[in-house]
Amino acid sequence: MNFNDALEKATQLAQARLPDLKEHVFLVRDLHGRIRVLLKKRRDDKSPFYPHIQGLITDIAHALGAYAYPANDLVMYREDLKSIQLPDDQASAVLAENAGHKVCLHDRLLMGAEWSASPPLGPPRSKRFTLFSMKGGVGRSTTATILAWHLAKKGKRVLVFDLDLESPGVGAALLGVDLPRFGIVDWFVEDALGQGNAVLGEMVRQSTLANGPGTITVVPAFGSDTGDYLAKLGRAYLERGPNGHEPWPSRLKRLVEGIEGQEMPDVVLLDSRTGLHDTSAALILAMGADTLMFAVDTPQTWSAYGFLFKHWAIHPDRRAFREKLWVVGAQVPDTGRDDYISALTDNAWDLFRDTLYDEQGDGLDPDIFYSPADDPSGRHYPRAVFWQRALMAFDPQKAWAENDVAAAYGGFLAWFDRVLLEEEEAP
């Protein structure tokens, strides 16, 4: 028995007992991977349900070994835990069903829990876009810079957050050395002590790259007076707000909304940390943002996205966010493009088909979330950004390579305007 086998076996055993128990069964997995069961109420030995509960206890304790709690401590009851916020079947991953009842999972994680969080209710104040990648070096921050420039040129008020705190980049690309006094790490440290509002007004700077009637306002990771960045970075992810414990996504949401209220942007760009960190989850799930998911066609890319999408396949609210996911084909090579894009499309479609797409059905139900592999409107279909040598060491503060930007991003930007901004294409 190992970590993977334990949950699968416990699910099978609980599923088999559902017709007799006649209630939802919650498998609670602790930080060590050990499993307990949560049921509604205690049953005495005269209850018809008693032997089935005892049978489930015996089954799981015997089958899971070290991955089960001791038999006398294996089942918890809701009626004994009234002071604790308990999971429900609407907000938990459903592992199996039988006879109208479910086996659900409640996972207690040291980190990673935010990938199971529920999206916010209602639309955000501004159009928000998260730029996310599993691997670094795919042009995500460069794309954020070019997208901000493009939108400002169209007359949009653009607000950019550099939230890749471990490897900040878009702030420097848009501002150079002309930084505000404070940055995002400063706010998180000050906010924990109730002083976030004191730095809020000194965290933004206008970028001189805005070329047109619009503006680019930047919130960098750090500012000119940040001081010891590592000391603040080590405290930036605390789940503590001015009134005590507060989840990090909630803190981030307050920060973004506070600066949105201050700057009143049309579009907000959130440059995310790379990989499966909880902070990335907050930017994808908690912000109500459309997410541009950058992908290059390598086995490492698809295996990493596979871990995430398989987790999302049992997410109770996947219908609330899966239509906001968009694949971006990053750094498409300048040779063999057609074959490369075809392979990239196939792999992205396999990922969505196996996890987030519904069964195809007859294609007539508008609630069916499904697209064929060759459908350019599908969320899986890669919106290509073409590799350009001149953009490999792109420094927009020194020179703006407009021809190279157009060659690499022309099609992507036209798609962004048409689909995500819902603008009609120019004749």
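Reader: Which residue in β15 stands opposite Val-332?
Author: This is a predicted model in which local features need pLDDT of at least 70 and side-chain atom pairs 80 or more, while totals for chains, interfaces and linings use all residues. Residues are numbered from 1 along each chain as its sequence is written, and side-chain values use heavy atoms, without hydrogens or water. Strand β14 runs parallel to β15 (residues 383-386), the two being joined by three bridges (strands are DSSP E runs of at least two residues, helices H or I runs of at least four, numbered from the N terminus; pairing needs at least two bridges). Within β15, the residue opposite Val-332 is Phe-386.

Reader: How many residues of β14 are buried?
Author: Strand β14, spanning residues 325-332, is mostly covered, and it also pairs with β13 (residues 290-295) in the parallel sense over five bridges, with Phe-294 standing opposite Val-328. Of the eight residues in β14, the number buried (under 20% relative accessible area; exposed is over 50%, partly exposed in between, with a 1.4 Å probe and protein chains only) is seven.

Reader: Which strands are the edges of the five-stranded open sheet?
Author: The sheet has mixed pairing and the order β3-β2-β1-β5-β4. Pairing on one side only marks the edge strands, β3 (75-77) and β4 (93-98).

Reader: Which residue in β5 stands opposite Ala-96?
Author: Strands β4 and β5 (residues 101-107) run antiparallel and are joined by five bridges. Opposite Ala-96, the residue in β5 is Val-103.

Reader: What separation do the C-alpha atoms of Gly-176 and Lys-398 have?
Author: Gly-176 lies in the loop between α4 (170-175) and α5 (184-191), and is partly exposed, with a relative accessible area of 22%. Although Lys-398 is 222 residues apart from Gly-176 along the chain, their C-alpha atoms are separated by 9.3 Å.
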